[in-house]
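Good morning, colleagues. I would like to take a few minutes to walk through one model. Please keep the sequence and the structure in view as I speak.

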Amino acid sequence: MTLTKSTVFTVLTAGAFGTIAFDLFGQAISPLFGYAKLAPVGLAGATLKSVFGANPSGAAHLLHTLTGLIFYVVGYFAIARPVQRAILPNLHWSITATVYGVALWIFALYGVAHLIAGNKPFLGWTGITWVALWGHIVYALVAAWVLEAKGVVLEIPRRTVLA
């Protein structure tokens, strides 16, 4: 597949819908049912402060939005799904998306929250830990569904290896 304007638009749309689903789940639905409320902008702000020594007004919102709109969805589109299709071509995309959501959760709560921002690993295994797990899975499933519904899948070209 070549990258066309349509493909880029679809990837951005998938990221937008995934981010909306993540925020809706983590900041509205979860607390509505008595569970923890996610604070992804707070984590983004702590990360900016840790890395750059400052968190300018609006920067944390921008980082959170760009992460969901572009970076996370590109990871699924350009890495997770093509690798899965090359290794296990018959595996349903929803399984790949779920595993990718778990990987995003590990990256966010261990890599970013702990290693970069200095919080306890997985935020101390509190209620927010589990809401974040489901939030990242919801994000990945929604973003992947948009890509799959539009048929936007990046193929890794297979090459024969001569002996």
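Let me begin with a term: a residue is called buried under 20% relative accessible area, exposed over 50%, and partly exposed in between, with a 1.4 Å probe and protein chains only. What we have here is a predicted model, in which local features need pLDDT of at least 70 and side-chain atom pairs count only at pLDDT 80 or more, while totals for chains, interfaces and linings use all residues. Residues are numbered from 1 along each chain as its sequence is written, and side-chain values use heavy atoms, with hydrogens and water left out.

I turn to the overall fold. The protein chain has 5 helices and 0 strands, where helices (H or I, at least four residues) and strands (E, at least two) are DSSP runs numbered from the N terminus. Read from the N terminus, the order is α-α-α-α-α. The radius of gyration is 17 Å, close to the 15 Å from the globule rule for 163 residues, so the protein chain is as compact as a globular protein of that length. That radius is taken over C-alpha atoms, and the rule is 2.2 Å times the number of residues to the power 0.38. Along its principal axes, the C-alpha trace spans about 50 × 35 × 35 Å.

Of the 163 residues, 37% count as buried. The accessible surface amounts to about 9,400 Å², and carbon and sulfur atoms contribute 72% of it; these areas come from the Shrake-Rupley method with a 1.4 Å probe, and for residues only the protein chains shown count as cover. Contact means heavy atoms within 4.5 Å. Among contacts with a separation of 6 or more, 70% join residues 24 or more positions apart.

Where does G101 lie? G101 belongs to helix 4, residues 93-116, and it counts as buried, with 0% relative accessibility. Beyond its neighbours within four places in sequence, G101 contacts H136, I137 and A140. The C-alpha atoms of G101 and L141 are 7.6 Å apart, although 40 residues separate the two in sequence.

Finally, the loop between helix 4 and helix 5 (127-149) includes F122 and also L123. Most residues other than glycine have a negative phi. F122, however, has a positive phi of about 50°, and L123 has a positive phi of about 55°. Are these residues buried or exposed? F122 counts as buried, at 12% relative accessibility, whereas L123 is partly exposed, at 25%.
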